[in-house]
Structure formats: structure tokens, C-alpha cells
Amino acid sequence: MGLLGDLIKSASDMVTGGRRRGGAPSREAGRTGGRSSRADAEVLPGEFGPDATVEVDPHRVGPVRMGYSPRSDGAPDPGEVVWTWVPFEENDGRGKDRPVLVVAVESAGTYLAVQLTSKDHDGEGDFVSVGAGGWDGEHRPSWVSLDRVIRVHEGGMRREAAALPREPFERVTDRLHQRYGWR
């Protein structure tokens with residue numbers, strides 16, 4: 001489907017809430033690294049609306065207090081890996097469902113998080129190795145990207161995946177402190 005078709009689909013989704021004939025959201029799109037067509041895509045938590053996940057400038061978020069406090073309560077807590085829709089770096093409206101590590105709670109009730117990847121970034125300065133965990137179905141080693149800070153709303157996350165052990169969480173927060181002055 002071309003650009004015009006995607007535009008019509010997006011406008012239609014705004015009016016219908018992303019629902020297809022019969023009232024049910026489309027489930028045809030897989031989660032294997034993106035969607036081939038917006039026409040077959042469901043709207044993921046964090047993708048649109050007041051709970052949209054957005055990238056923020058880490059130098060402009062104000063004072064940040066990081067602390068390790070994971071709880072298995074369904075809400076995102078610092079130290080937990082949650083899944084949300086994350087915009088691509090091009091910031092062109094595209095993105096995908098992916099894991100992020102929650103590092104802080106903001107006073108507005110939103111959460112600051114950093115993006116995880118299973119792509120090997122060993123030895124690269126903008127990444128911190130956090131090991132493998134339950135957030136990845138294949139239990140592959142993961143890295144946190146320090147240069148992408150994401151604001152997550154509780155209603156914008158798909159699921160609570162796993163708590164990161166304290167030691168790798170503190171490696172990440174130590175690096176965020178060095179880089180952005182966060183506490």
C-alpha cells in the first residue's frame with residue numbers, strides 16, 4: 001500500500017479507533033520486527049494518544065531520581081523491563097513494540113526508560129550490557145542504549161516483562177548519572 005493508502009488508513013483509524021469490520025481490532029500483523037502494512041496493523045499500547053511513548057531529551061527532563069524498586073504489581077517500576085511501542089530514531093511516526101528498562105518515576109506519574117536491544121554492542125561506549133532475562137523469549141544477551149531516553153505512561157505499556165537484577169541496573173544508572181547528571 002502506498003503513502004496515500006497509509007494516510008487514508010491512519011485517518012480511518014483515528015475515526016474508528018483502529019477497529020476493523022466486525023468491531024475487533026486487526027490481529028493480522030505479526031511482531032517479528034515491524035509491520036509490513038499499516039492497513040493490517042493493530043494499534044499497540046504507547047503508539048498513539050495521551051499514553052503515547054515518546055523519546056525525550058535527557059538534558060531537559062529536569063531533576064531525575066533513579067532508584068531500584070521493582071515490584072510485580074503490573075505497574076512499571078524502576079528496575080523492571082516493560083514492553084511498549086518505541087518510535088524509530090528517525091522520529092517519522094514509525095516504531096515498534098520493544099523492551100525498555102524503567103529507570104525513574106517522574107512527578108507527573110510518567111516513567112523514564114532506556115531502550116534495550118539484543119544486537120551485540122559489546123565494547124561500544126553508548127551501550128551497557130545487562131545480560132539475558134525473561135524480557136527476551138530466546139534469552140539472548142541484551143544491551144541498554146544510553147543515548148535514547150523514552151517517556152512511558154502506565155497505560156502505554158503492553159506488559160511487565162521481568163525485573164533486572166540490581167547489579168546491572170546500577171551499572172546502567174551509574175552511566176546515566178555520569179552522562180546526564182541524574183541521581
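Asp92 counts as partly exposed, at 43% relative accessibility; here buried means under 20% relative accessible area, exposed over 50%, and partly exposed in between (1.4 Å probe, protein chains only). Keep in mind that this is a predicted model, where local features need pLDDT of at least 70, side-chain atom pairs count only at pLDDT 80 or more, and totals for chains, interfaces and linings use all residues. Residues are numbered from 1 along each chain as its sequence is written, and side-chain values use heavy atoms, with hydrogens and water left out.

**Two aspartates in loops**

- Asp92 sits in the loop between S2 and S3; helices (H or I, at least four residues) and strands (E, at least two) are DSSP runs, numbered from the N terminus.
- The Asp92 side chain makes a polar contact with the side chain of Arg94, at 2.9 Å. A polar contact is a pair of N or O atoms within 3.5 Å; within protein, one must be able to donate a hydrogen and the other to accept it, and residues adjacent in sequence count only if both atoms are side-chain atoms.
- Asp77 is found in the loop between strand S1 (54–56) and S2, and is buried, with a relative accessible area of 4%.
- Leaving aside neighbours within four places in sequence, Asp77 is in contact (heavy atoms within 4.5 Å) with Ser69, Pro70, Arg71 and Val102.
- The side chains of Asp77 and Arg71 are also joined by a polar contact of 3.2 Å.

**Salt bridges**

- Side chains of opposite charge can pair when their charged atoms come close.
- The count comes to 12 salt bridges, using this rule: a side-chain nitrogen of Lys or Arg within 4 Å of a carboxyl oxygen of Asp or Glu.
- In the Asp73 and Arg71 pair, the salt bridge is 3.5 Å, N to O. Asp73 is partly exposed at 43% relative accessibility, and Arg71 is partly exposed at 46%.
- Arg151 pairs up with Glu106 in a salt bridge whose closest N and O atoms are 2.7 Å apart. This one links distant parts of the chain: Arg151 is in strand S6 and Glu106 is in the loop between S3 and S4, 45 residues apart.
- Glu106 is buried at 14% relative accessibility, while Arg151 is partly exposed at 21%.
- Asp126 and Arg179 meet through their side chains in a salt bridge of 3.1 Å, N to O. Asp126 lies in the loop between S4 and S5 and Arg179 in helix H2, so this pair ties together parts that are 53 residues apart in sequence.

**Nonpolar cores**

- In soluble globular proteins, nonpolar side chains tend to be buried together.
- A nonpolar core is a set of buried Ala, Val, Leu, Ile, Met, Phe, Trp, Tyr and Cys residues joined through side-chain atoms within 4.5 Å.
- The largest one here has 25 residues, and those with the most contacts inside it are Leu101, Val103, Leu112, Val172, Leu176 and Trp182.
- Elements giving two or more residues to this core include strand S3 (95–105), strand S4 (111–117) and helix H2 (166–180). H2 supplies the largest share, 4 residues.
- Apart from neighbours within four places in sequence, Val172 is in contact with Leu101, Val103, Val114, Val128, Val130, Val144 and Leu146.
- There's a second, separate core of 9 residues, with Val82, Tyr111, Ala113 and Ile150 among them.

- Most residues other than glycine have a negative phi.
- His139 has a positive phi of about 55° although it is not a glycine, and is located in the loop between strand S5 (127–131) and strand S6 (142–152).
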